[in-house]
Amino acid sequence: MPTVTVERNNTKFAIIGLDAQLDGCENIDRVERVFYQGDCLAASGQFAREFDFSSLCEASILRVLTANKLVPGEVAVIILTDRNEQIIGAEKAYLSCCTKTNLTDVLRHADKLITTQHIPVLIVAAHLQAPENTETGKATISFDQNFVGYGAINGVVSVLLSSTDFATRHKSYIYANIKSFAAGSNIEQAVKTALIDADLTAGQITALEVSALADPTESSRESNALLKAYESEKRLDTAISSARSVAGECGPLSVLLGLLNSVFALQQRYVS
């Protein structure tokens, strides 16, 4: 049998800053409420009329930095994008700025910057391609047998990471911690590795944020892997959620919204 490689990173990030704006949600409090209620959002032309990609990201980044009493020259920025989108003038405004196409590469690079350069790292993703008045439809995910498809919305999300030492020294509010992460082509093995590294069992997980991609093959692959990884003799009371059920398919923005949705659940104590 072929050898399955799972990348494991035993690190610890403190999430010390959050920002989000979506169609119909002017601030992160509204975004949090929409995700809690499970409301579906509809795309509007607001962001496309007022911003381009660069200015939308810059505004979000500035809100996070201001709340944390930081200036742009004190942070590194990682743009999560699948379109090679850039922030104009970023190379002069921030300590560094680069683009990555998936969250694993983002976290890997953030880990390197935080542990070797001892600086905070801000991750940002935005989406401006959703047609106006596009409805996401009924709140559902691709695991649902009644699933038809996702819509899309526009918006931006920023997440600020640092070491716990940095957060302590700067008296930053810590929304959540990322103890470790595991990644690989074998979803089941990646999940099991992550649980082992976190010293947890499947039965202790009360909430699970899933990708639930619209592609039937990918959706089935994920759901089958999760059923195996969370197999237990006892009944599991694990809540499943997906940012796509609220925001639709928005590319990298959906990925970062998934992380944000998990932080909401922990920080607001929706799960224990």
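Visitor: Is C25 buried or exposed?
Guide: C25 counts as buried, with a relative accessibility of 1%. Buried stands for under 20% relative accessible area, exposed for over 50%, and partly exposed for values in between, using a 1.4 Å probe and protein chains only. The model is predicted, so local features need pLDDT of at least 70 and side-chain atom pairs pLDDT 80 or more, while totals for chains, interfaces and linings use all residues. Residues are numbered from 1 along each chain as its sequence is written, and side-chain values use heavy atoms, leaving out hydrogens and water.

Visitor: And how many disulfides are there?
Guide: The count is zero, where a disulfide is a pair of cysteine sulfur atoms within 2.5 Å.

Visitor: What about C98?
Guide: The sulfur of C98 is 6.6 Å from that of C97, its closest, again too far for a bond. C98 counts as partly exposed, at 21% relative accessibility.

Visitor: New topic: what is the strand order in the open sheet?
Guide: The six strands run β4-β3-β5-β6-β2-β7, with mixed pairing. Strands are DSSP runs of E, at least two residues long, and helices are runs of H or I, at least four, numbered from the N terminus. Two strands pair if DSSP finds at least two bridges between them.

Visitor: Which strands are at the edges?
Guide: They are β4 (96-100) and β7 (176-178), each pairing on one side only.

Visitor: How many bridges join β3 to β4?
Guide: Five bridges join β3 (residues 76-80) to β4, and the two run parallel. Within this pair, I79 stands opposite T99 in β4.
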